[in-house]
Amino acid sequence: MTAVDRATEQEHLRKAEADIAEANDRIARQRALLAHLESDGHDTVMAKDLLQTMCQTLAAMEQHRQLILRELGR
Amino acid sequence: MSDRPQRSTILLVEDEPLLAMDVERLLGEVGFHVMGPVTTISRAIRSIEAERPSLTVVDLNLGGEMVFPLLDILADRAIPFVIVTGHSIEMVPSRHRHRPFLQKPYEPAALLRFVHQILSGGGDRQLLQRA
């Protein structure tokens, strides 16, 4: 891997980690929102679906981060 | 004069209203006096100067601004703190990586465990289990 490629991958890693942090924050917010909806007796089906989608997206982001780390490890 | 034991005061530094509300309620329900929530570093510093908290729960990222200077101030004043954030521990400056750390989303019980351990004299060192 050239120095330029490495710098590019490191930039990708930085972006991936920022995205993961933001996703974690969003999931925390969604969980809090879900708890409030449930405590107020609201329908939470859509909120739960969204939370599940967020968790799946986070898993994909973490896989992406692992791929970048693998590239950087070569 | 009241003969009730003095309640520990916890400063809450969190800019997400829903999360702040939940943590404030959680800590309040178990008997702590909660200062805040405050949403900026400058307000956190003003709060500390007005009343020294027993402990601070601090979100690492307030509206895009990292709270590293606040962590330094808390450390300088020997005010223990728990870091909560969506970021990984690697984002925390190395000088503070031994502090109690919770990655969002975290379980409320994990936060309470840290708070109780610190306030019961467990310190904020590595003897605290990471959640």
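Trainee: How many residue pairs are in polar contact between chain B and chain A?

Mentor: Four, with both residues of each pair at pLDDT 80 or more. A polar contact here is a pair of N or O atoms within 3.5 Å; within protein, one must be able to donate a hydrogen and the other to accept it, and residues adjacent in sequence count only if both atoms are side-chain atoms. This is a predicted model, in which local features need pLDDT of at least 70 and side-chain atom pairs count only at pLDDT 80 or more, while totals for chains, interfaces and linings use all residues. Residues are numbered from 1 along each chain as its sequence is written, chains are lettered from A and ligands numbered from 1 in the order in which they are written, and side-chain values use heavy atoms, with hydrogens and water left out.

Trainee: Why is the pair A:Arg29 and B:Glu16 called a salt bridge?

Mentor: The term requires a side-chain nitrogen of Lys or Arg within 4 Å of a carboxyl oxygen of Asp or Glu. The closest N and O atoms of A:Arg29 and B:Glu16 are 2.6 Å apart, so the pair meets that limit. Between chain B and chain A the count is three salt bridges.

Trainee: What makes up the side of chain B that touches chain A?

Mentor: Four nonpolar, four polar and five charged residues. In this scheme Ala, Val, Leu, Ile, Met, Phe, Trp, Tyr, Cys and Pro are nonpolar, Asp, Glu, Lys and Arg charged, and the others, Gly among them, polar.

Trainee: How much area do chain B and chain A bury between them?

Mentor: About 1,100 Å², 59% of it on carbon and sulfur atoms. Buried area is the accessible area (1.4 Å probe) that two parts lose on being put together, summed over both.

Trainee: Which residues have the most contacts inside the largest nonpolar core?

Mentor: B:Leu27, B:Val82, B:Leu102 and B:Leu111, in a core of 20 residues. Such a core is a set of buried Ala, Val, Leu, Ile, Met, Phe, Trp, Tyr and Cys residues joined through side-chain atoms within 4.5 Å. Its largest share, six residues, comes from α4(B); helices (H or I, at least four residues) and strands (E, at least two) are DSSP runs, numbered from the N terminus.

Trainee: Why is B:Ala78 called exposed?

Mentor: Buried means under 20% relative accessible area, exposed over 50%, and partly exposed in between (1.4 Å probe, protein chains only). B:Ala78 has 55% relative accessibility, so the residue counts as exposed. B:Ala78 also has a positive phi of about 60°, although it is not a glycine.
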